[in-house]
Amino acid sequence: MTEHQLEPAPETTADVFSRDRPPVLTVDPGDSIVVRSLDASGHLARQQSPGQDTPRMFAEGRGHCLTGPVAVRGAAPGDVLAVRLVSLRPDDWGWTVAAARDTPLTRRLGLHDGPPSWLLWDIDVAAGTATSNYGHTVTIAPFLGVTGVAWDEAGEHSTIPPRAVGGGNIDCRELVAGSTLYLPVTVPGALLSLGDGHAAQGDGEVAGTAIECGMTTRVQLSLTAGPPVPGVHAVTPAGRITFGFSPDLNEAMGDALDAMLTWLQGLYGLDKAAALAVASPVLDLRVTQVANQAWGVHAVLPHDALRAAGT
């Protein structure tokens with residue numbers, strides 16, 4: 001097994017997903033990569049004041065500034081790419097903006113006409129905290145908002161909505177270090193891209209941004225077959241997780257729950273109705289994010305929530 005280094009540069013970053021983009025790095029299954037990613041907007045220099053317009057990787061960014069794509073040698077449609085998040089270290093600064101866009105949510109809140117409100121954060125990794133320009137301090141729990149693979153459709157595609165195929169802008173705060181995210185492969189090599197570092201985020205990402213920051217992430221990539229559920233899923237320190245993505249939160253909820261019931265059926269040999277009954281006392285449904293066109297729900301089955309008889 002080999003460990004690779006991947007730094008953000010014009011030739012190693014993109015702001016779209018596309019099966020037609022050549023990989024910037026090819027690795028073997030089992031290899032690790034230390035990936036450096038810029039913040040979602042691709043800032044090349046630290047902001048000195050909230051909302052300062054500093055130089056960016058893409059002057060007219062169409063989406064998130066992502067590092068990649070990375071090809072995994074031998075990955076083929078039908079495989080599942082396991083992305084093990086070994087460690088995540090945010091940069092020492094980050095930002096948050098609210099009411100920056102006219103969306104259904106900002107209209108509901110009466111904030112669609114702006115002006116936006118910006119926060120600038122100092123991140124202290126050693127202390128595990130971030131402090132805003134207003135003096136508020138929060139505990140950090142770093143993760144990547146975007147971890148996704150290309151899919152078998154021609155053209156360039158926005159990084160903003162999460163998708164049942166490819167994953168991408170999942171924005172799930174549970175995907176911290178120690179998690180493994182499973183992404184179905186639909187194109188040769190998988191073509192994985194990473195970015196959109198978040199030092200901290202609540203479920204929902206209600207402002208449309210978290211504490212956006214650059215991130216150094218160590219990942220280990222492997223291939224697997226015969227997943228317990230057919231779509232995007234994860235095993236995290238919080239438990240097993242399935243996802244649903246849709247402009248309709250009811251649909252997103254139903255998809256996340258349906259996938260988790262499939263997982264429960266396989267784990268415990270239950271029929272679907274029994275799996276639903278068993279899930280009800282222990283399963284959490286959480287609104288992942290409401291900010292990205294296709295909203296997200298994730299179902300969380302905590303580890304050891306269900307114990308077999310005699311254990």
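## Cysteines

The count of disulfides in this structure comes to zero. The model is a predicted one. C172 takes part in no disulfide, and the nearest cysteine sulfur, that of C213, is 16 Å away. C172 is buried, with a relative accessible area of 0%.

For C213, the closest cysteine sulfur is that of C65, at 13 Å, which is too far for a bond; the cut-off for a disulfide is a pair of sulfur atoms within 2.5 Å. C213 also counts as buried, at 1% relative accessibility.

## Nonpolar cores

The largest nonpolar core has 41 residues. Within this core, I33, L81, L181, L192, L221 and F243 have the most contacts. Strand 7, residues 80-90, gives the most to this core, with four residues.

Setting aside neighbours within four places in sequence, I33 is in contact with H4, L6, L25, V27 and V70, and also with T217, R218, V219 and L221.

## Helix 2

Helix 2 covers residues 249-268. At 1.5 Å a residue, its 20 residues should span 28 Å, and the end C-alpha atoms are 28 Å apart, so the two values agree. At the start of the helix, the backbone nitrogen of N250 has a side-chain oxygen of D248 within 2.7 Å. Just after the helix, G269 has a positive phi of about 65°.

The buried residues of helix 2 are A252, A256, L257, A259, M260, L261, W263 and L264. They pack against strand 19 (233-236), strand 20 (239-246), helix 3 (272-279) and strand 22 (295-301).

## Aromatic pairs

There are three aromatic pairs in the structure. One of them is a tilted pair of F17 and W151, with 5.7 Å centre to centre and 50° between the planes. F17 lies in strand 3 (residues 16-17), and W151 lies in the loop between strand 12 (143-149) and strand 13 (157-158), so the pair ties together parts that are 134 residues apart in sequence. F17 is buried, at 3% relative accessible area, and W151 is buried at 7%.

W95 and W118 also form a tilted pair, 5.6 Å centre to centre with 45° between the planes. W95 is in strand 8 (residues 93-98) and W118 in strand 9 (residues 117-124), so this pair ties together parts 23 residues apart in sequence. W95 counts as buried, at 5% relative accessibility, whereas W118 is partly exposed, with a relative accessible area of 27%.

Note on methods:
Residues numbered from 1 in each chain as written. Predicted model: local features only at pLDDT ≥ 70, side-chain atom pairs only at ≥ 80, totals over all residues. Heavy atoms only, no water. Helix = DSSP H or I, 4+ residues; strand = E, 2+ residues; numbered from the N terminus. Expected span 1.5 Å × (residues − 1). Buried < 20%, exposed > 50% of the residue type's maximum accessible area, 1.4 Å probe, protein only. Contact = heavy atoms within 4.5 Å. Polar contact = N/O pair within 3.5 Å; in protein donor to acceptor, adjacent residues only side chain to side chain. Core = buried A, V, L, I, M, F, W, Y, C linked by side-chain atoms within 4.5 Å. Phe/Tyr/Trp six-rings, centres within 6.5 Å; stacked < 30°, edge-to-face > 60°.
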